[in-house]
Amino acid sequence: MTSKIRDSGGLGVILIALGFTILGTGTSIHRTTDFIIFCIFVLGFDLLYGHMGRLSFGHMLFFGSGAYAAGLLVRYITPHPLLALLAGICGGALVGGILGPVVVRATGACFALINLAFNQVGHFLALVAFAKVTGGEDGLSLTFSKIPFLNISNPKVFFGFTIFCLCLVYYFLKRLTSSPYGILLRTIRENETRAQFIGYNTFQYKWITFVISSSISAFAGALATLNYGYVNPSFIDPTRNVEVVFAALIGGAGSLYGAILGGVSYMVISNYLARYIPRWEIFLGLALLLLVFKFKEGIWGNILAVWKRRTQARSVNRT
Amino acid sequence: MISTLIYGLTIGGILYIISIGLSLTFGSMRIVNFAHGMVYTTGAYILIAALPFLHNNFFAGVLVAIVVVIPLSFIIEKFIIRRLYGESIDYAIIATYAVLLIGVDLVKWIWGTSPIPLSDPVGKSVTFLSIEVPLYRLIIIAISLTLCVGLWLFFKKTIVGKIIIAGLQDREAVRSLGISVDKYFSLVFVLGSCLAALGGVLYAPITTVHPYMGFHILLISFAVVIVGGLGSLKGTTISAFVLGMVMAITGRFWGPAAEAMVFAVMAVVLIYKPIEV
Amino acid sequence: MLLTVTDLDVHYGHAKALHHINLHLSKGEVICMVGRNGAGKTTLLKTIAGFLKPTQGSILFEQKTIQGLVPEKVSMMGIRYVFQDKRVFGELTVKENIELAAYPTKEKVSDSIDRIVNLYPRMSVLLDSKAKGLSGGQRQILLIGRALIGEPKLLLIDEPTEGLSAGIIEEIVNVIGRMKGQLSMVIVEQNLSVVSRMADRVYIMKEGSIFKEIIDRAVIAQSNALEAYL
């Protein structure tokens with residue numbers, strides 16, 4: 001019975017909800033909300049990187065698209081927060097849908113760089129080209145309307161809401177990656193030609209995955225806009241891509257728990273370490289190098305490896 | 001229009017100088033080298049640091065910058081690049097990006113985050129086809145064309161150049177002949193890095209010197225290499241000058257869009273000629 | 001004994017590619033490795049040449065341990081590996097291909113060129129053509145000629161007649177035949193009639209290990225007999 005719950009993602013949802021509630025009430029609700037939103041972003045990114053095996057170095061584009069889509073809706077159309085979230089998701093899906101056909105044809109280095117290049121263009125559009133609409137460097141400051149059951153300006157309410165969102169995203173991805181679709185993704189990662197030989201139109205699946213990834217990332221961006229009450233070009237800044245890449249690596253690419261763990265780890269490092277070590281970006285760079293050369297599986301991967309070894313030893317002892 | 005064309009050639013020349021190193025490293029080691037941007041930035045900042053000691057002799061500053069970059073690139077190659085052989089390309093991107101990150105932060109630490117303007121070292125203009133053109137830009141064009149010819153001779157005529165060409169094609173076969181091709185690739189890396197530093201110091205007076213300048217130019221250089229065809233030296237050469245023109249002409253009509261236009265070109269090229277790494 | 005391979009294991013990740021390989025080669029001998037695709041023949045040559053590290057076992061060349069050495073070193077010790085697929089340096093001319101091969105040795109380029117032209121006179125008119133313009137058979141001869149520069153002691157040749165027409169195969173067999181006696185060779189070959197004409201001994205490989213060693217010349221001479229073992 002327990003394995004059924006585990007496989008369906010129910011256990012994970014419970015753990016996540018509990019974990020973050022404790023973290024938030026124990027430390028700072030406001031900060032933990034930040035953590036959670038970032039974790040959603042990492043989850044969206046890791047779908048592409050860990051599960052499908054494509055490193056995008058420009059995912060801030062989608063985070064930013066969602067953030068700006070939400071912000072623009074609130075500023076120019078209606079301040080309804082849920083509609084803003086919807087607009088964010090749609091914004092991300094749109095950008096992912098349009099860029100997808102160009103981008104997913106590339107692999108490896110080209111894939112990473114193309115995403116980065118588009119991110120740069122997006123940043124330019126937000127900062128300069130459409131500055132009249134987006135507020136340019138200063139961005140847009142926003143007020144949201146209160147809706148029944150969801151008062152955004154109440155930190156505790158919003159905190160609970162983001163936990164709910166995270167659980168939703170986690171559950172969705174858990175079902176997705178455990179399904180045959182998830183297996184196909186991993187097949188594409190390992191050997192795309194073989195997947196094509198079996199008869200799959202891998203291009204379509206890559207595109208769909210790209211759109212899902214961009215939508216989730218945009219969702220996170222929209223949540224960030226709700227959280228901060230403003231949006232500006234830093235939400236789409238290409239130099240911030242290293243954050244989510246680092247999180248995915250340190251957590252352990254390809255695993256949902258790893259993504260969340262990585263998100264929390266990065267947030268902890270950037271929030272708390274930055275207080276004590278002024279040049280913490282150097283530290284980040286060094287940590288990245290360490291991860292690449294020594295700890296490719298990240299924290300979660302290493303935990304899993306140790307767990308496997310222990311269970312294997314135990315079963316050997318039993319026989 | 002003439003001055004725009006000259007400017008286009010100037011930018012093209014700079015892009016050529018910077019991108020050749022990137023193309024070589026990519027072709028030889030199949031590694032996307034973000035650290036290239038770090039070397040570029042270092043060159044510019046070393047120049048700024050050295051100028052006061054050299055009585056503002058720009059030429060000497062260029063030499064100092066390149067000399068400093070040689071051991072730096074050697075260290076990067078030995079401790080980072082060499083370990084990335086055979087690794088998945090994603091790790092190469094992340095690792096070299098980490099080097100860039102460290103470098104940028106070091107620069108911010110030492111020199112601060114504000115951009116540092118650098119004046120035109122030559123300061124004189126010449127009249128060319130009845131237009132006044134800064135002499136400095138013509139010098140850059142001359143340098144890049146000289147380098148172009150020099151590199152062409154190097155790869156076509158010298159045995160080391162041929163080893164590298166052969167190694168770019170088939171690394172294992174060169175090794176089976178008894179030639180330690182990796183040593184030559186290290187040489188290529190250092191050479192490419194020196195070129196990046198050269199590009200950095202030459203471009204510094206035209207643009208502004210700031211900690212993220214390497215990041216900036218790197219993206220455009222990647223676009224140059226991708227448009228020219230990965231690992232193709234001839235392609236990189238042509239696309240460098242073409243994209244330089246694109247930047248200059250776009251910049252004339254709508255300044256900030258110059259870089260974005262380069263990426264638009266890259267996107268179009270990729271639609272019609274998608275590339276595998 | 002020129003080459004002795006003892007108890008060799010080679011892994012690709014977790015998969016075992018070679019298992020318990022034992023073979024030997026005397027000076028002047030030509031042995032052929034025969035087997036179906038995937039039997040491990042190329043893996044064996046690559047390991048001897050230094051491109052792969054064995055997980056177990058040893059390779060002795062002239063009584064010296066060579067397993068684990070880098071390919072450059074192995075090459076300088078007198079072992080040359082001729083790759084499959086007739087890979088030449090296409091962008092360079094035939095002459096430049098030879099120059100490159102002569103570079104690490106002390107041999108003069110003109111001597112290297114003479115040797116190749118002796119083996120295959122037509123090469124003299126092809127010297128300034130780009131190597132990628134050569135036919136399959138000409139490429140193979142160029143590769144063999146390149147491998148002979150510096151007068152190596154052992155040649156590892158991977159499928160020299162693959163993809164070639166009967167007439168060209170004849171030329172290759174002649175070339176190799178003329179080299180016989182001057183140096184020792186390990187040749188991977190799928191064409192059994194070629195094996196019958198070239199081999200002093202035959203090793204049959206199956207699924208990563210040596211299935212059988214055939215030393216009877218009479219058996220070797222009958223390619224049907226060889227086929228029965230596959």
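Below are legends for several close-up views of this predicted model.

Local features are described just where pLDDT is at least 70, and side-chain atom pairs count only at pLDDT 80 or more, while totals for chains, interfaces and linings use all residues. Residues are numbered from 1 along each chain as its sequence is written, and chains are lettered from A, with ligands numbered from 1, in the order in which they are written.

**View 1. Four strands of chain C line up in an open sheet.** Helices (H or I, at least four residues) and strands (E, at least two) are DSSP runs, numbered from the N terminus. Here the order is β2-β1-β4-β5 of chain C, and the pairing is antiparallel. Two strands pair if DSSP finds at least two bridges between them. At the edges sit β2 (15-25) and β5 (64-65) of chain C, each pairing on one side only. Look for β1 (residues 3-12) of chain C beside β2(C): they pair in the antiparallel sense over 7 bridges. Thr4(C) stands opposite His24(C) in β2(C). Helix α1 (residues 41-49) of chain C packs on this sheet and touches β1, β2 and β4 (56-61) of chain C. Its direction makes about 70° with that of β2(C); axes are lines fitted to C-alpha atoms, for helices over the stretch in contact, and angles run from 0 to 180 degrees between N-to-C directions. A contact between two residues means that their C-beta atoms, placed from the backbone, lie within 7 Å.

**View 2. Another open sheet in chain C has 6 strands.** Read across it and you get β6-β7-β8-β3-β9-β10 of chain C, with mixed pairing. β6 and β10 (209-214) of chain C are the edge strands, so to speak: each pairs on one side only. From one strand to the next, the twist averages 20°. β6(C) and β7 (residues 154-158) of chain C pair in the parallel sense over 4 bridges, and Tyr81(C) stands opposite Leu156(C) in β7(C). α1(C) turns up in this view too, lying across β3 (30-35), β6, β7, β8 (184-188) and β9 (201-206) of chain C. This helix runs at about 150° to β7(C).

**View 3. Helix α3 (residues 29-51) of chain A has a bend in it.** This helix has 23 residues and reaches 31 Å from its first C-alpha to its last, close to the 33 Å expected at 1.5 Å a residue. The expected span is 1.5 Å times one less than the number of residues. α3(A) bends by about 40° at Phe45(A), where the bend is the angle between axes fitted to the seven residues ending there and the seven starting there. Of the 23 residues of α3(A), 19 are buried, so the helix is largely enclosed by the rest of the structure. A residue is buried if 20 or more other C-beta atoms lie within 10 Å of its own, exposed if 12 or fewer, and partly exposed in between, with C-beta atoms placed from the backbone. After α3(A) comes Gly53(A), whose phi is positive, near 80°.

**View 4. Helix α1 (residues 2-29) of chain B has a kink.** Its 28 residues should span 40 Å at 1.5 Å a residue, and its end C-alpha atoms are 40 Å apart, which agrees. The kink is about 30° and is centred on Ser19(B). In α1(B), 23 of the 28 residues are buried, so this helix is also largely enclosed by the rest of the structure. Just after α1(B), Arg30(B) takes a positive phi of about 55°.

**View 5. Chains A and B share the most contacts of the 2 pairs of chains in contact.** Chain B gives 33 residues to the contact, and chain A gives 33 residues. On the side of chain B that touches chain A, α4 (89-111), α9 (213-228) and α11 (257-272) of chain B each supply at least two residues. α4(B) provides the largest share, 14 residues. By class, that side of chain B has 29 nonpolar, no polar and 4 charged residues. Ala, Val, Leu, Ile, Met, Phe, Trp, Tyr, Cys and Pro count as nonpolar, Asp, Glu, Lys and Arg as charged, and the others, Gly among them, as polar.

**View 6. Chain C touches chain B.** The contact involves 20 residues of chain C and 15 residues of chain B. Chain A and chain C do not touch, and their nearest C-alpha atoms are 15 Å apart.
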